[in-house]
Amino acid sequence: MTIETRNGSWGTRARGIGLAAARGLALTLVTLPGALLGLTLGLVSIALVPVGIGVFTTPWVLTGVRAFADWRRVLAAEWSEVRIPSAYRPIPDNAHAWARTYVMLRDPATWRDLAWLQVDMTAGFVTALLPAVFVLYPLEGLAVAAGLWRPLAELGGGYWYGFVHVTDQPSALAAGALGVVLLSLAPLAPRLLTAHFRLTRAVLGAGQGELAERVRVLTETRRDAVDTSAAELRRIERDLHDGAQARLVAMGMDLGTIEMLLDKDPAQAKRLLAQARQSSVDALTELRDLVRGIHPPVLAERGLGDAVRALALRLPVATEVTVELEGRPDAPVESAAYFAVSEVLTNAVKHSGADRIWIDLHQTEGMLRISVTDNGRGGALITAGSGLAGVERRLGTFDGVLAVGSPAGGPTMVTMEIPCA
Amino acid sequence: MRVVLAEDLFLLRDGLVRLLDAHDFEIAAAVESGPELARALAELEPDVAVVDVRLPPTHTDEGLQCALNARRDRPGLPVLVLSQHVEQLYARELLADGTGGVGYLLKDRVFDAEQFVDAVRRVAAGGTAMDPQVIQQLLTRRAAGDLPLARITPREREVLELMAQGRSNAAIAAKLVVTERAIAKHTANIFTKLGLEVSDDDNRRVLAVLAYLDQGR
């Protein structure tokens with residue numbers, strides 16, 4: 001049993017080492033020409049920007065470089081579980097060449113890419129090559145010791161294996177010994193490959209600039225959140241003051257009058273009683289609406305899934321709801337998601353002219369994904385002051401994002417993503 | 001008639017006890033939490049339960065869940081659910097088993113004592129008492145998309161709303177100040193337009209209407 005296990009683990013290790021060597025070799029074959037080409041084209045293209053030609057070539061070249069870098073990010077994650085975040089600034093879809101070039105050149109990630117290409121063709125190249133060297137080069141040493149030295153030595157002058165000059169059997173054996181020593185280093189191959197990707201991460205990963213950008217975004221969303229909640233509190237205060245509170249005061253006054261009238265004019269007292277009761281009903285209705293606007297009861301009682309289902313039931317449009325949630329997200333996230341869906345649905349009902357709506361709530365890997373699709377006329381945009389912009393701001397507070405796909409003629413699909421882990 | 005009452009706010013519970021007492025109901029138990037309610041429903045076998053949706057300890061829909069569970073153990077157990085707000089979702093869950101004897105009303109409805117007591121009696125007798133708000137939402141929704149309801153006249157719509165709340169022809173006639181025969185004619189028309197079989201049974205009538213309103217979702 002134990003032997004088998006050991007054999008198994010040896011087998012796995014040997015396979016791991018071999019794999020690392022093969023991957024390292026493959027990397028060296030691609031990286032050197034790739035990095036050289038990318039860097040040269042990139043530099044030339046950027047240098048040609050003042051002339052004008054660069055404006056058109058730069059976006060192409062840099063997109064290629066990004067793809068090359070992204071490919072390496074994928075390899076790093078797949079081969080050595082080294083995660084390198086990608087942090088390119090978004091480029092507007094319909095931007096013309098000059099705008100694209102401008103955005104790309106202003107992005108610190110672009111310059112980081114170019115710096116990385118230089119590292120990749122030197123230190124990166126070596127760290128990728130070493131695993132292959134430690135695994136494959138010893139094989140040559142052993143072959144030399146086994147007799148390959150004869151034809152090699154006869155070929156011409158001296159044959160060098162590493163620093164050993166191979167001329168006869170003893171020196172060939174020395175070469176073999178060197179091969180064995182090198183082979184003993186082979187188990188380092190996977191670690192060397194990891195080191196290669198760590199090096200890539202060190203150069204390619206986000207630096208101070210990104211952190212500053214992140215702080216800026218957080219400050220902005222926090223200000224939005226504070227503004228929104230302050231406005232919300234003002235609205236609630238006003239609604240209470242003008243609505244329920246006023247009605248209760250009126251009711252109290254009516255009751256006072258009724259007390260006075262009870263003996264003198266029972267008929268009038270009765271009329272006022274009916275009025276007081278109506279006031280209490282109205283006050284309750286207003287309080288109920290207010291509560292629904294702050295924290296809908298179904299959301300409190302059942303959570304997001306059923307709250308959205310209840311929302312769908314109230315729509316005048318046939319709506320299908322699919323829910324796949326693992327437990328309940330945090331209350332603030334739940335609430336933000338609910339109101340976002342509510343706003344998007346309101347928009348769809350008001351403007352899309354759709355007669356069917358599909359809502360899909362889905363939670364995977366700490367991400368809450370919601371899509372609202374309708375079969376309406378499309379053409380929805382996130383413009384300043386629109387409901388969708390409001391939703392985007394609301395989600396921003398939670399690092400959530402909103403995407404709208406709405407070609408003219410429809411259909412419209414609004415997708416929201418909120419981290420909830 | 002023996003009632004089990006569940007309401008966590010003391011003032012409201014006290015008021016309900018007095019109201020039901022004044023109308024010759026026997027209060028078998030007046031409890032304030034979900035577990036107590038579950039126990040009371042299982043042990044006391046009341047004729048009707050009047051239950052608040054939101055109860056301790058969870059303060060979510062504990063009351064509703066208790067009522068639904070009790071009805072699973074004892075099918076047809078009459079339950080009148082009260083809530084600060086009405087949701088179609090809950091109304092559907094209550095009506096889902098199709099056995100009748102359910103009610104779902106806004107708490108405000110107790111302001112009109114006579115109507116409220118009438119609703120409790122109707123539910124206890126195996127009928128239904130749905131809040132007008134639920135019915136209105138259902139009708140608004142259906143009217144927007146479906147042809148059959150669009151063909152119904154405003155008067156018939158009024159009758160349909162009252163019918164869906166669980167009222168008998170006599171009660172609808174009294175409410176709309178017309179003869180019972182006129183209502184009978186309206187209901188016959190409504191059933192024809194909705195393609196439903198005519199039935200004298202109030203409960204089946206309401207369930208048929210709700211089932212119709214439910215289909216095509």
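**Notebook: a sheet and its helices in chain A**

I began with one strand pair: β6(A) and β7(A), residues 412-419, run antiparallel and share five bridges. I noted that this is a predicted model.

Next I traced the whole sheet. I found an open sheet of five strands in chain A, ordered β3-β4-β5-β7-β6, and its pairing is mixed. Which strands sit at the edges? I read them off as β3 (318-324) and β6 (401-405) of chain A, each pairing on one side only.

Helix α13(A) lies across β4, β5 and β7 of chain A. It runs at about 10° to β5(A).

Last, I looked at a helix pair. The axes of α13 (residues 331-352) and α14 (residues 387-396) of chain A come within 10 Å and cross at roughly 170°. I therefore logged α13(A) as roughly antiparallel to α14(A). From α13(A), the contact is made by A336(A), F339(A), A340(A), E343(A), V344(A) and N347(A). From α14(A), I listed G387(A), L388(A), V391(A), R394(A) and L395(A). What kinds of residues make up the contact of α13(A) with α14(A)? I noted seven nonpolar, two polar and two charged.

Methods:
Residues numbered from 1 in each chain as written. Chains lettered and ligands numbered in written order. Predicted model: local features only at pLDDT ≥ 70, side-chain atom pairs only at ≥ 80, totals over all residues. Heavy atoms only, no water. Axes fitted to C-alpha atoms, helices over the stretch in contact; angles between N-to-C directions. Helix = DSSP H or I, 4+ residues; strand = E, 2+ residues; numbered from the N terminus. Parallel < 35°, antiparallel > 145°, perpendicular 65-115°, else oblique. Contact = heavy atoms within 4.5 Å. Nonpolar A, V, L, I, M, F, W, Y, C, P; charged D, E, K, R; others polar. Pairing = 2+ DSSP bridges.
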